[in-house]
Every structure is written in structure tokens, then in C-alpha cells.
Amino acid sequence: DEERLHQRFESTVEHDQRVEPRDWMPEGYRKTLVRQIAQHAHSEIIGMQPEGNWLTRAPSLRRKAILLAKVQDEAGHGLYLYSAAETLGVERSDLTEKLVARRQKYSSIFNYPALTFADIGVIGWLVDGAAIVNQVPLCRCSYGPYARAMIRICKEESFHQRQGYELLLTMMHGSEQQRRDVQDAVDRWWWPSLMMFGPPDGDSPNTQQSMAWGIKRHTNDQLRQKFVDMTVPQAEVLGVTLPDSGLSYNAEREHYEFSEPDWEEFHRVLAGEGPCNTQRVERRRAAHEGGSWVREAAAAHAAKQAERGRA
Ligand code: ACO
């Protein structure tokens, strides 16, 4: 009965074992996972846009090949994640409909434009760096299909982060203009990167329950701090200045102190008023609608094959 199933679920989570699709789970757990995994998948797919925009303008064949590989990886991540969500009884087509109708979210970070090629480096360094800090603990998420998808995704994210850092190191050894472009991109992406981790713990309605269920392993503020601690020394090696006069090392806490991000800006972006929200969603919608003939053709082909199988 329901009581026994509930106990078994609690014990699985408590003993750090994995919940699998066939297992009983509380409705709230299922809903939370669908929300988070769908939002994560949408982020990967929408996240192809700011970088995809530079594929035809990459400055060399090598940079183009790297960027192409990276953008294709993001598509793959989106597809694994939609598959993980489907194990919870939802359909990818339905999730996509919700995304283009703006009924489901995707990460705030992808509503900012990539203005120069230095942005490609900074997205790899900061945005993918933040994604790694946020996502490595998800490899230990209590829901098996999500945790397993995250293992491969994290390996690929670490390649993304390194290609970004390597591009920035190269640009910082280049011309005065290149160094200026890098600094300008860092100035624009730093605060939005900190916002990727979500609202401060005191304003995060989901964290407590998600941690109790073993979906999240750390709070938003813990991960934000970890990201800052990791990134400040990398900025020093690069020779760029992070745009926060409040940054300083606290030897007692063994952490960097930093200023509060502009949470009003964060809420505006979530409400659809970031610099690129409309463009991102409209482009996704157009791609989805433009691809309908492919889906129809695939369905017709599958039906024909099934018919032949029966004959
Ligand atoms: N962008 C957009 N929405 C956000 C963001 C963000 N950066 N941070 C928080 N939110 C939303 C939450 O989804 C939630 O809204 P909802 O209840 O309507 O879904 C609301 O703000 C309150 O936030 P929290 O209570 O802190 O929500 P949650 O516990 O889900 O934590 C977090 C947010 C940390 C983003 C979590 O969902 C997560 O780890 N997701 C998986 C990682 C991910 O989605 N990464 C995408 C970007 S990285 C990349 O793709 C390269």
C-alpha cells in the first residue's frame, strides 16, 4: 500500500540509492524533477543561439571546428535531458510546446547577447564554468536517469570550459583591441554568471525540499561561493579584472567576499524582459515550426515500415 511505498522511497533517498523510473515516487518529487530537467534541457537548446550566431564568423578554421563541436554538444545535452524527462511520463513535444509558449523557463543567462568573439571565450570560461559547478553535484542526484545523463554532460562541459579559457589566454596575448574585447566581455558576463545559480537561499522556494529529496546537494549560495572561489585566481592568471570592487579574500573564512548581484535585473530577465528573451523564444518557435515537415515525414516513414512489418 501507499504507506509502504512511501517508506521505501524515503529509505532509498536516505541511503543515497537511486530512484528509477519504475519505482513509486511522491507526486511532488516527480513534478520537481520534470520542472528542473525540462528547464535544464530548454537551457541547453536555447543556449545554442548566442554561440551559434558566431559559427559563420569564427576567425579561423580551428576556432570554427571547436565552436561547431561545442554547439553540437549542447544539442546532444538537450536531447539526453529530454529523454531523462520522458522517463517521468512527459513528452518532449509537450515540453517544447510549453517552452515556446513561455510556460516553462530556461536559464536567465541565455538572454544576454554575444557581441564579439571574446564573448565566445567568456561564455566558455564563466558560463560553462558556472554550469560545471552547478552540475557536478547533479551526477549524484537521487533520480537515476538524470544523474546518469549528467555524468557525460559534465565531461563535455569541462571541454567547453577549457576551450573558452584557452581562447581567452590567446586573446590576452594578442593585440590591445583583443585585450579590451576580453575585458569588456568579462564586465558584461560576470554578474549574469553569478545569477545562474538562482536566487539567494532566503528567496529560493525550492531548495529545501529539493535537498531533502537528494535532487539538489548544495544550496544556490553555496555553489555561487564555490564558483567565485574557483574563478578569482583564474582571472588573475588571465590578467582581467572582475567588475566587483567588493571582491576580497577573507583569510578567516577561507573564501572570497563578493557583492550582491542585482536581483531586480534577475527578476526582470525571468519575467521575459532581458535583452534577448523575445528573440530567443521566437527563434526557437520558428525552428520548431519550420521543422514540422521533418517530424511528419519521420512519422509517415515509421508508419510505412510498421505496415511492411505486418505484411
Ligand atoms: N534562470 C532562470 N530561472 C531560474 C534561475 C536561473 N538562473 N535560477 C532559478 N530560477 C527559477 C527556478 O526555476 C524557480 O522557478 P520555478 O519554480 O518556476 O521553476 C525560481 O527561479 C526559484 O528558484 P529556486 O527555488 O532556487 O529553484 P531551484 O531549486 O530549481 O534552483 C537551479 C534553480 C539552481 C537553476 C536548479 O534548478 C538547477 O540546478 N537546475 C539544473 C541546472 C540548469 O538548469 N542549468 C541550466 C543552465 S547551465 C547550461 O545549460 C549550460
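Trainee: If a crossing is left-handed when the near helix is turned anticlockwise from the far one by less than a right angle, and right-handed when clockwise, which is the crossing of α6 and α10?

Mentor: Right-handed. This is a predicted model, where local features need pLDDT of at least 70, side-chain atom pairs count only at pLDDT 80 or more, and totals for chains, interfaces and linings use all residues. Residues are numbered from 1 along each chain as its sequence is written, and side-chain values use heavy atoms, leaving out hydrogens and water.

Trainee: What about the angle at which their axes cross?

Mentor: The axes of α6 and α10 cross at roughly 145 degrees and come within 10 Å. Axes are lines fitted to C-alpha atoms over the stretch in contact, with angles from 0 to 180 degrees between N-to-C directions. Helices are DSSP runs (H or I, at least four residues), numbered from the N terminus.

Trainee: Which residues make the contact?

Mentor: With contact meaning heavy atoms within 4.5 Å, α6 brings W125, L126, G129, A130, V133 and N134. From α10 come L223, K226, F227, M230, T231, Q234, A235 and L238.

Trainee: New topic: how many aromatic pairs are there?

Mentor: Ten, counting Phe, Tyr and Trp (six-membered) rings with centres within 6.5 Å; planes under 30 degrees apart are stacked, over 60 edge-to-face, the rest tilted. Y29 and W213 are edge-to-face because their planes stand at 90 degrees, with ring centres 5.7 Å apart.

Trainee: Where do those two sit?

Mentor: Y29 is in helix α2, and W213 is in the loop between α9 (207–212) and α10.

Definitions and conventions:
A crossing is left-handed if the near helix is turned anticlockwise from the far one by less than a right angle, and right-handed if clockwise.
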